[in-house]
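User: I'm new to this one. Can you walk me through it?

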Amino acid sequence: MTIIEAINKIDALKPNTYTTENKIAWLSTLDGTVKKDIIDTHEGASTVVFNGYDSNTPTDTVLIVPAPYDEIYVRWLGAQIDYSNGEYGRYGNSMTMYNASYANYERFYNRNHMPIDKGGFKYF
């Protein structure tokens, strides 16, 4: 999914007044978290480059999480919109759906990539 695809999907599902720049910043936060908390803890992390997104980032930039797990972006944007609108009941529901998507991708990534051995635990 690209930046503009995620933005178009959320705008169709949840009409809002937030700017494209707001949504790009939210997507940047999510991909930064995915990179740091999931990808960087596994071998091969250096093959995924992420320097953040801003208003100068082309909107056809492909986001980090691949299909079929990329629905995470729409759910994240929906949650950010609900929170920013002060709709905390909806925000709670949106975050539940987002958290399920995040955990699903995290399990997929863990199954398919070797974790980095930190060598911190020793058997005697």
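Predicted model: local features only at pLDDT ≥ 70, side-chain atom pairs only at ≥ 80, totals over all residues.

User: Why give both a distance and an angle?

Analyst: A pair of aromatic rings is described by the distance of the centres and the angle of the planes.

User: Step back a bit. How many helices and strands does the chain have?

Analyst: Four helices and zero strands. Along the sequence the pattern reads α-α-α-α.

User: What about its dimensions and burial?

Analyst: The C-alpha trace spans about 60 × 35 × 20 Å along its principal axes. The chain has 124 residues, and 36% of them count as buried.

User: Now the helix packing. At what angle do α1 and α3 pack?

Analyst: About 55 degrees, with the axes 9 Å apart. Helix α1 covers residues 3-13 and helix α3 covers residues 71-84. That angle makes α1 oblique to α3. The crossing of α1 and α3 is right-handed.

User: Which residues meet there, between α1 and α3?

Analyst: From α1, the residues are Ala6, Ile7, Lys9, Ile10 and Leu13. From α3, they are Glu71, Tyr73, Val74, Leu77, Gly78 and Ile81. By class, the α1 and α3 contact has eight nonpolar, one polar and two charged residues.

User: At what angle does α1 pack with α2?

Analyst: About 115 degrees, and the axes are 10 Å apart. That makes α1 roughly perpendicular to α2. The crossing of α1 and α2 is right-handed.

User: What does α1 bring to that contact with α2?

Analyst: Ile3, Ala6, Ile7, Ile10 and Asp11. On the α2 side they meet Thr20, Lys23, Ile24 and Leu27. The classes here are six nonpolar, one polar and two charged residues.

User: Let's go to the loops. Where is Pro15?

Analyst: Pro15 is in the loop between α1 and α2. With a relative accessible area of 69%, Pro15 is exposed. Pro15 and Gly78 are 63 residues apart in sequence. In space they are 9.9 Å apart, C-alpha to C-alpha.

User: Which residues does a cis peptide bond join?

Analyst: Ala67 and Pro68, with omega at about 5 degrees. Pro68 is found in the loop between α2 (20-37) and α3.

User: What form do most peptide bonds take?

Analyst: Most peptide bonds are trans.

User: Back to that loop between α2 and α3. Is Ile38, which lies there, buried or exposed?

Analyst: Ile38 is buried, with a relative accessible area of 1%.

User: What does Ile38 touch?

Analyst: Leave out residues up to four places away in sequence, and Ile38 touches Thr33, Tyr102, Tyr105, Glu106 and Tyr109. As for Arg107, Ile38 is 69 residues from it in sequence and 9.6 Å from it in space, C-alpha to C-alpha.

User: Last topic. Where is Ile116?

Analyst: Ile116 is in the segment after α4. Ile116 is partly exposed, with a relative accessible area of 39%.

User: Which residues is Ile116 in contact with?

Analyst: Apart from its neighbours within four places in sequence, Ile116 is in contact with Asp40, Thr41, His42 and Glu43. Take Asp40: Ile116 and Asp40 are 76 residues apart in sequence. Their C-alpha atoms are 8.5 Å apart in space.

Conventions:
Residues numbered from 1 in each chain as written. Heavy atoms only, no water. Axes fitted to C-alpha atoms, helices over the stretch in contact; angles between N-to-C directions. Helix = DSSP H or I, 4+ residues; strand = E, 2+ residues; numbered from the N terminus. Parallel < 35°, antiparallel > 145°, perpendicular 65-115°, else oblique. Left-handed = near helix turned anticlockwise from the far one by under 90°. Contact = heavy atoms within 4.5 Å. Nonpolar A, V, L, I, M, F, W, Y, C, P; charged D, E, K, R; others polar. Buried < 20%, exposed > 50% of the residue type's maximum accessible area, 1.4 Å probe, protein only.
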